[in-house]
Amino acid sequence: MINAKARAVDGPDKPFRAAEIKRRDLDSDDVLIEIKYAGICHSDIHTAHGEWGPVNYPLVPGHEIAGIITDVGANVTKYNIGDRVGVGCMVDSCGQCENCRKGEEQYCLKGNIPTYAGVDKYGEPTQGGYSTHIVVQEDFVLRIPDNIELDVAAPLLCAGITTYSPLNHWKVGNSKKVAIVGMGGLGHMAVQIADAMGAEVTVLSQTLKKKEDGIQLGADNYYATNNPETFEKLAGTFDLILNTVSAKIDLNAYLGLLTLDGTLVNVGAPAEPLSLNVMNLIGHRRSFAGSLIGGIRETQEMLDFCAKNDIAPKIEVISADQIDEAYKRVLASDVKYRFVIDTSTM
Ligand SMILES: [Zn+2]
Ligand SMILES: [Zn+2]
């Protein structure tokens, strides 16, 4: 077994503490990664707080992982010691089902193995990236392009792919009108990616507080959703609305902003069910959809796309002792725009 330092949480309302965890010895197709940076995702907070169902504590969250390969199994072919790599939200899947064979491992019919709060093929609980080392089989490891620094690479592994995949799937190029709901960790990535894909991008944020940032990142328009006039003015405007907010929103109000055949895609995952008036779909042949991260092949495509288009998250690097404080600030929307833990401080 390989010892790793980590930050773990023991219950829904417990603070993080320093912990020693074990990583498995390398299987023939595994790589050992020395983690350099781990992003803090809103999902980490939902999971650590037990809001998405029961959790086996102690829990080490973190699925935005960037680091360096320090050892490889005997049959590893894709990576060498010293390679700059990342790991996102999943570390394994069945590899056999229809969806896995299509490269959509996130939708594995047997369920993908999440990077943390899951159970791996050996029956062991998975523990995430708030840690100094992780062992992952090579097929679930991503290559980080040379011109992306490891600290800014980390958030791409969840926030980047979560927004890239639906924008890619619904083909937002060619000046399509796209609205991004929320200017947080996900939203500020979505603005950059949609802009680089060629969309006309509008940000819908609660207030105009982050307008300057939004425009600078590539938004063409920016509206406050706390102003009811926004919903009148923009009625029937958008081909695609990407909702990145994981709090409850008024779906019916947002559906009214879609064109004929427009789609509202949720990537934010509120803990509570949302309600919608189906007439808002029927009347304009609109769709309400969801999207979960992206497959491994698409995640690599996203990293290469970001490298080519100079897309990077805005980050605030913190030490391991600041995780609790960072969680509070994320919940208060007081982050520009992603916290990244420097794991050398573990
Ligand atoms: Zn995430
Ligand atoms: Zn599968």
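This is a predicted model: local features need pLDDT of at least 70, side-chain atom pairs count only at pLDDT 80 or more; totals for chains, interfaces and linings use all residues.
## Basis of the description

Local features are taken only where pLDDT is at least 70 and side-chain atom pairs only at pLDDT 80 or more, whereas totals for chains, interfaces and linings use all residues. Residues are numbered from 1 along each chain as its sequence is written, chains are lettered from A and ligands numbered from 1 in the order in which they are written, and side-chain values use heavy atoms, with hydrogens and water left out.

## The zinc ion (ligand 1)

Cys41 (SG), His63 (NE2) and Cys158 (SG) are the protein donors of this ion, at 2.0 to 2.2 Å from it; donors are N, O and S atoms within 2.8 Å of the metal (3.2 Å for Na, K and Ca), and because water is not among the atoms, sites may look incomplete. The spacing of these donor residues in sequence is C-x21-H-x94-C. Cys41 lies in the loop between β3 (30-39) and α1 (42-48) and His63 in the loop between α1 and β4 (65-72), so that the pair ties together parts 22 residues apart in sequence; helices (H or I, at least four residues) and strands (E, at least two) are DSSP runs, numbered from the N terminus.

Cys41 is buried, with a relative accessible area of 5%, and His63 is buried at 7%, where buried means under 20% relative accessible area (1.4 Å probe, protein chains only), exposed over 50% and partly exposed in between.

## The zinc ion (ligand 2)

Here the protein donors are Cys94 (SG), Cys97 (SG), Cys100 (SG) and Cys108 (SG), lying 2.3 to 2.4 Å from the ion and spaced C-x2-C-x2-C-x7-C in sequence. Cys97, in the loop between β6 (90-92) and α2 (98-101), and Cys108, in the loop between α2 and β7 (113-114), form a pair that ties together parts 11 residues apart in sequence, and both Cys97 and Cys108 are buried.
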